[in-house]
Amino acid sequence: MSDAFDLSMPWWQYLVRACIVYFVLLAMIRLSGKRTMGQFTSFDMLLIVLLGNAVQNALLGTDTSVGGGLILAATLMLLNWGVGYLAARNDRIERVLEGVPVVLARDGHVFRDVLRRELVSRADFDKAMRENDCAEIDDIAVAMLETNGHITILHKPQESAVP
């Protein structure tokens, strides 16, 4: 039981390990694209579980102490809060971390090359059309892939019959 509270390395090494793993994973997730985090499938959930398991040793090394785990948890939570705080107050940092919305379609024309680049399948685009009560592609004024991975569709204005 005494091993539960004995750290296997100095406390500051936990902080350094947590920072390295946090920022490397943040970069990897950011580079993987908007759609990676936008809509969770069973594959995405599996990836999250496996990522957690994969970086466990990088964070803890051989340590299994309660203190080591709590130091890491607190450091990761503080890093996450700090990154969110900076992104909320600095547009440039927010663009780097979150990205910018991307136009997928405009005036009834779908940009297929953009769909491929952003890893949006035609089935996902069609689903977004249905969710936005958009029956025809010609009804689309603009379709955007938001930074959170969701697709927003704005309809063309309805032409009213003037007597």
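Gly-68 is located in helix H4, which spans residues 66–89. The model is a predicted one. With a relative accessible area of 0%, Gly-68 is buried. Beyond its neighbours within four places in sequence, Gly-68 makes contact with Leu-7, Tyr-14, Leu-60 and Asp-63. Trp-11 stands 57 residues from Gly-68 in sequence, while the C-alpha to C-alpha separation of the two is 7.5 Å.

Backbone angles come next. Asp-107 is not a glycine, yet its phi is positive, at about 50 degrees. This residue sits in the loop that joins strand E1 (102–106) and strand E2 (109–110). Leu-119, also a residue other than glycine, has a positive phi near 60 degrees. Its place is the loop between helix H6 (112–117) and helix H7 (122–131). Asp-107 counts as exposed because its relative accessibility is 53%, and the cut-off for exposed is over 50%. Leu-119 counts as exposed at 59% relative accessibility.

| Residue | Relative accessible area | Class |
|---|---|---|
| Gly-68 | 0% | buried |
| Cys-134 | 5% | buried |
| Cys-19 | 27% | partly exposed |
| Asp-107 | 53% | exposed |
| Leu-119 | 59% | exposed |

Cys-134 is classed as buried because its 5% falls under the 20% limit. Cys-19, at 27%, is partly exposed. A disulfide is a covalent bond between the sulfur atoms of two cysteines. Under the criterion of cysteine sulfur atoms within 2.5 Å, the model has zero disulfides.

How values were computed: Residues numbered from 1 in each chain as written. Predicted model: local features only at pLDDT ≥ 70, side-chain atom pairs only at ≥ 80, totals over all residues. Heavy atoms only, no water. Buried < 20%, exposed > 50% of the residue type's maximum accessible area, 1.4 Å probe, protein only. Helix = DSSP H or I, 4+ residues; strand = E, 2+ residues; numbered from the N terminus. Contact = heavy atoms within 4.5 Å.
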